Amino acid sequence: MENKLKIFNSLTGEKEVFVPLHEGNVGMYVCGPTVYSNVHLGNVRTFMSFDFIYRTLRFLGYKVRYVRNITDAGHLTDDGDVNNDRFVKQSRLEKLEPMEIVQKYTVDFHKVLELFNMLPPTIEPTATGHILEQIQLTEKLLADGFAYESNGSVYFDVLEYNRRGLNYGELSRRNIEELFANTRDLDGQGEKRNPQDFALWKKASPAHIMRWASPWGDGFPGWHLECTVMSTKYLGEQFDIHGGGMDLKFPHHECEIAQGKAGHGQSPVRYWMHANMLTMNGQRMSKSTGNYILPMQLVSGDNSFFEKPFPPAVIRFCFMQAHYRSVLDISNEAMLAAEKGYNRLMEALKAVNTLTTDLEHPTGFSAAIDELKEKCYAALLDDFNAPMLIAHLFEAVKWIFAVKNGEDKFCISDLETLRSLMNSFVGEVLGLQDVASQEASGDTLDGVLQLLIRMRMEARANKDWALSDKIRDELLALGIQLKDGKDGTTYSLS
């Protein structure tokens, strides 16, 4: 078996042997959410893909610094109208301050990802926490002639970038002349020299709420700039892996490359990785067409597309059955099939963890299990091939049920090896949890909370207000809110 990890590099369009900048260490940056609304299912697919990649890298023995940002600064849409700034628009709709919107949907984002058993990143920086660094990079690009100021805004000069022998369009394979010919000037309202120039810093109008002082007046940073600043601050001016959804390849990631080359004199990323899109019933998910569902609606069953609710672990298993570079289509039939497959895998995992044997001499399984282990590793090393890994694991599922049903036998070493293999690949790498154990954990939590509620009621009956308040306040600090009503005390998880 060739034990070298290969990654499909979007920049070259080829699978390449992965050679990290620093042996044994990986720096990985993934574009995070813009937190002005609930995270949607397509986002979940992207973040789950990179969660699997993160898990795999760690499983293969790499020490990974995983950086995923939070975009919490307002950005105008292409028409430049402040009323279409996503944060400002949502704050008006919900009658909340923009930073309240940020907090609300950042919490929602974390809850959803935790629900699907995604590991947190090593570092999760915010755009608003790095305004100074964004101003500094803008000043450098201005000083080096890669940018220009116009009416209080600063734009990156794409034409100048190309004049110096650099190549704007290299990631998306777009021709610069075609880009100039086919683009209308919407963003700059006449401020830009060229249609493809993009904003590094935008002047804030008097109505714009999210604004910061800069050498060019009050304004806010460009969307592309924040990722360049945060990725290079925490991973270095060049790092190993940059990931995101396919929709970010142009212009966002293209602009990141340009900013990195112009600002730091080198291409910032060695391996660009892009997760493909999620469709539903064979069509693109879109609010405008009504073909749209939020993650929690799929989990709760509160939707008209699926006949029943599906546990997060089943949804994760369904998503893992498609390679991250392939389009994933979900439907009622696909989810039902995934549920059956997931249940069978969990039954096999439970069985292999409870089987016993006193057979010491090797059986015909010994060589087969060694071969299976090699095939599972080979799937991971071949550009993180989750569906192939799952297919190999189901070979083991057949053996486990054959032994469980008394049709065959494992020896002691076979059972130990297979048990370790199944637990590692199913739980540690694929991140799949047993729904039954999750429900049991939920029952345990409920039991503990009911006990604390009874203790608080007794404290109140004894007029021990200090203990009563202590229980309430400490639970609130943990995100558990108690509500006293005429029918007793209930709790909610915030």
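Modeller: A word on labels before we begin: helices are DSSP runs of H or I with at least four residues, strands are runs of E with at least two, and they are numbered from the N terminus. Please also keep in mind that this is a predicted model.

Biologist: Let's pick a helix, then. Which residues of α4 are buried?

Modeller: They are I131, E133, Q134, I135, L137, T138 and L141. The helix itself covers residues 131-143, and its 13 residues reach 18 Å from the first C-alpha to the last, close to the 18 Å expected at 1.5 Å a residue.

Biologist: And what covers those buried residues?

Modeller: The cover includes strands β5 (147-150), β6 (153-156), β7 (198-203) and β8 (219-221), together with the helices α7 (223-235) and α8 (249-264). After α4 comes G145, whose phi is positive, near 85°.

Biologist: Which residues other than glycine have a positive phi?

Modeller: One of them is N151, with phi near 55°, and it sits in the loop between β5 and β6. With a relative accessible area of 52%, N151 is exposed, because the cut-off for that class is over 50%. Another is R173, where phi is about 55°, in the loop between α5 (158-163) and α6 (176-182).

Biologist: Switching to helix pairs, how do α12 and α14 cross?

Modeller: Their axes come within 10 Å and cross at roughly 20°, with α12 covering residues 365-381 and α14 covering residues 412-429. That angle is under 35 degrees, which makes α12 roughly parallel to α14. The crossing of α12 past α14 is left-handed.

Biologist: Which residues make that contact?

Modeller: From α12 they are F365, S366, I369, L372, K373, C376, Y377 and L380, and from α14 they are D414, T417, L418, L421, F425 and V429. By class, the contact of α12 with α14 divides into ten nonpolar, two polar and two charged residues.

Biologist: What else do the buried residues of α14 pack against?

Modeller: Apart from α12, they pack against α1 (41-59), α11 and α13 (386-404). The buried set is D414, L415, L418, L421, M422, S424, F425, V426 and V429. The 18 residues of α14 reach 25 Å from first C-alpha to last, close to the 26 Å expected at 1.5 Å a residue, and just after the helix G431 takes a positive phi of about 70°.

Biologist: So at what angle do α11 and α13 pack?

Modeller: The angle is about 55°, with the axes 9 Å apart, and the two helices are therefore oblique to each other. Helix α11 passes α13 in a left-handed crossing. The contact is made by G341, R344, L345, E347, A348, A351 and V352 of α11 and by F394, V397, I400, F401 and K404 of α13. Eight of these residues are nonpolar, one is polar and three are charged.

Biologist: And α10 against α11, is that parallel or perpendicular?

Modeller: The axes of α10 (residues 312-320) and α11 (residues 332-354) come within 9 Å and cross at roughly 105°, which makes α10 roughly perpendicular to α11. In that contact A313, V314, I315, F317 and C318 of α10 meet M335, A338, E339, G341, Y342 and L345 of α11.

Biologist: Last one: where is N281 found, and what does it touch?

Modeller: N281 lies in the loop between β11 (278-280) and β12 (283-284), and it counts as partly exposed at 39% relative accessibility. Leaving out residues up to four places away in sequence, N281 touches N291, F305, D329, I330, S331 and N332. N281 and N291 are ten residues apart in sequence, and their C-alpha atoms are 8.4 Å apart in space.

Definitions and conventions:
Residues are numbered from 1 along each chain as its sequence is written. This is a predicted model: local features need pLDDT of at least 70, side-chain atom pairs count only at pLDDT 80 or more; totals for chains, interfaces and linings use all residues. Side-chain values use heavy atoms; hydrogens and water are left out. The expected span of a helix is 1.5 Å times one less than its number of residues. Buried means under 20% relative accessible area, exposed over 50%, partly exposed in between (1.4 Å probe, protein chains only). Contact means heavy atoms within 4.5 Å. Axes are lines fitted to C-alpha atoms, for helices over the stretch in contact, and angles run from 0 to 180 degrees between N-to-C directions. Angles under 35 degrees count as roughly parallel, over 145 as roughly antiparallel, 65 to 115 as roughly perpendicular and the rest as oblique. A crossing is left-handed if the near helix is turned anticlockwise from the far one by less than a right angle, and right-handed if clockwise. Ala, Val, Leu, Ile, Met, Phe, Trp, Tyr, Cys and Pro count as nonpolar, Asp, Glu, Lys and Arg as charged, and the others, Gly among them, as polar.
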